[in-house]
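Hi,

Here is the structure I promised to pass on.

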Amino acid sequence: MRAVAGLSRLLTTVLQPVVALTLFAILVVMVADVFGRYLFNRPIRGAYEITEFLMCLMVAGALPLVSLWGRHVEASLVADLAPRLTPALFWVAGVASALVFGYLAILLWGYGGQLSRQNAQSLFGGVPRAPFARYMAVMCALAALASAIALIRHDPGPQLPEGRDE
Amino acid sequence: MTAALGLALVFLLIMARVPVGVAMLGVGFAGFAAVVGVRPASFMTAQTAFATINSYSLSVLPLFLLMGNLINRSRISVELYDAAHACLGHWRGGLAQATILACGGFAAISGSSMATTASMARVAYPSMRRYGYADILSAGSIAAGGTLGILIPPSVVLLVYGILTETSISKLFIAGIVPGIMAVALYMLTIAVIVRLRPDWGPAAARSDWVARRAAVAKVWPVLALFLLVMGGIYGGIFTPTEAAGGGALGALMFAMARGVLTLRSFGAVLVETAVTSAMIFFVIIGAMVLGNFLNVAGLPRMLRELISALNLSPLGVMAVICLIYVLLGMVLESMSMILLTIPILFPIVVGLGFDPVWFGILIVMVVELALISPPIGLNVYLLRSVLPHIPLRRIFAGVFLFLIPDLLKLALIIAFPALVLWLPSMM
């Protein structure tokens, strides 16, 4: 159990800064590009592709956190109507999530190999595409792991306070 | 047959509380593999996931979410409500009217109806309670006003619809303006009628003088400025939606910083929250796309077209059936799953019948609004209950019931007069 807690802490400690910084970087690139273009007629070279790469880092990087904190979009009708089924359904959902994320990781890893063989690159900077597919594969594998962790260890994650109550 | 089986399985899994994205992606992949083969299915699934995430234009989603989260954090809802209160509070039912108006204002800079409901409930309810408003009216006006969050642009639901169907997000946002104003007007009219029939439900509050009114209204200028920056920029063709989202997020960031509500730590928390919500939505979008590809190769759109012509339904008849399906689905599914599950099935038919995709997008949002407040799921109602735990659920639903009439009227108007939706985007 302690190992599981450590693993989950490791995931959040590493991934939270990654997704926060990449999202902030997306904002900075977007704003700098727009300002550069409209005010000085000098857009950022490759802003389009930089944003694509940052999006990949951010969205895929946040997937394990979504699984770990149980933030996936889900319906709750059966669970509400038949509370006794809830624990069983919880396991069905967790195992299905782990399996689907695990398989998606395998598919994306294979896709990365394909991109690498085709030497697929971004148009502007010639940045190879394959490492990004492989990064997504790793993150999906971590999301599968996080789904499994969430089965045995409940962690709702940080709650964002709002409104007048603060 | 495969398509029907697949759909039934997705539905079953979702009901069994399997995450919506997992259910759609799993069944979509397996179905595609059964129809075309495992290799093409693997390629299709991986490529869909890769292309959806590695996308410049889809950065519009996290950026608008960031703007909304920062706005939420900055507690502008307080000023919005105070301003509306100062102007309308002295009328009978005026505080409920003020709630609707403030919700509309909040919705104009936030794309989420949950955020609108939660933040307005905390601000508006105590004041209505102080002046002796009936819970049924105050809860109803907050829950109904909260649904404006997804109709008045920017709107997360319209964004997701635009992404999935490749419909212009600029046009969708602009198209939401007139129905949004209509919704505010109809809700306010409903309140006026209610307090005319039951004056004790919404007694008049103290009158503010003009100085106080001007001071209160002056404080909401950042909301107006942000809305004009984002929507004006999109409407004038100055910004793409992605650029407007970036500008809006920057504006919201500067605003939150100026109000001194943002520390480095809380900004980090907002960024993480936004990234997590984005990833959650992106994963469901990928699932919906994979499922849509499967349903396509399994020939579902063709089968449905044949069914429609066999039943000899007119396009409006089909639309009525679609609305009915949404109302029924709204009883068992929450809004995001409902849209993502149905769009891949219904969108090709709707467009094939000659309906405008922008108009259909607005129509869908309105039906989802209904689902947000109708029993037994009604997400907004449950959210309201968690914020105001002392009001019985039955009374909240009763309050909401009063606002179903303007909602249905609005829906009928949009169906009868599509120009209400399409006029503004046609001027772009």
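Below is what turned up, starting with the contact between the chains and ending with some backbone details.

One thing to keep in mind: this is a predicted model.

**Where the chains meet**

Chain B brings 66 residues to the contact and chain A brings 62 residues. Together they bury about 5900 Å², with carbon and sulfur atoms giving 75% of that area. On the chain B side, R17(B), F50(B) and Y56(B) lose the most area to chain A, and the three together account for 13% of what that side buries.

So much for area; now the polar side of things. Between chain B and chain A there are two salt bridges, and five residue pairs are found in polar contact across the interface. As for which part of chain B does the touching, helix 16 (residues 264-297) supplies the largest share of that side, with 15 residues. Sorted by type, the chain B side has 44 nonpolar residues, 14 polar ones and eight charged ones.

**A salt bridge to look up**

Over all chains, a search of the whole structure gives ten salt bridges.

**A nonpolar patch on chain A**

There is also a nonpolar surface patch of about 650 Å², made by M1(A), F90(A), W91(A), V95(A), L99(A) and I152(A). Helix 4 (residues 86-117) of chain A gives the patch its largest share, four residues. I152(A), on the other hand, belongs to helix 5 (residues 130-152) of chain A.

**Two backbone details**

Most residues other than glycine have a negative phi, and most peptide bonds are trans. With that in mind, here are two spots to check. In chain B, the peptide bond from P153(B) to P154(B) is cis, with omega near -10 degrees. P154(B) is in the loop between helix 9 (148-151) and helix 10 (156-165) of chain B. In chain A, N119(A) is not a glycine, yet has a positive phi, near 55 degrees. You'll find N119(A) in the loop between helix 4 and helix 5 of chain A.

Cheers

Note on methods:
Residues are numbered from 1 along each chain as its sequence is written. Chains are lettered from A and ligands numbered from 1 in the order in which they are written. This is a predicted model: local features need pLDDT of at least 70, side-chain atom pairs count only at pLDDT 80 or more; totals for chains, interfaces and linings use all residues. Side-chain values use heavy atoms; hydrogens and water are left out. Contact means heavy atoms within 4.5 Å. Buried area is the accessible area (1.4 Å probe) that two parts lose on being put together, summed over both. A salt bridge is a side-chain nitrogen of Lys or Arg within 4 Å of a carboxyl oxygen of Asp or Glu. A polar contact is a pair of N or O atoms within 3.5 Å; within protein, one must be able to donate a hydrogen and the other to accept it, and residues adjacent in sequence count only if both atoms are side-chain atoms. Helices (H or I, at least four residues) and strands (E, at least two) are DSSP runs, numbered from the N terminus. Ala, Val, Leu, Ile, Met, Phe, Trp, Tyr, Cys and Pro count as nonpolar, Asp, Glu, Lys and Arg as charged, and the others, Gly among them, as polar. Patches are made of residues with over 30% relative accessible area and no salt bridge: like charges are joined within 9 Å, nonpolar side chains (Val, Leu, Ile, Met, Phe, Trp, Tyr) within 5 Å. Accessible areas come from the Shrake-Rupley method with a 1.4 Å probe; for residues, only the protein chains shown count as cover.
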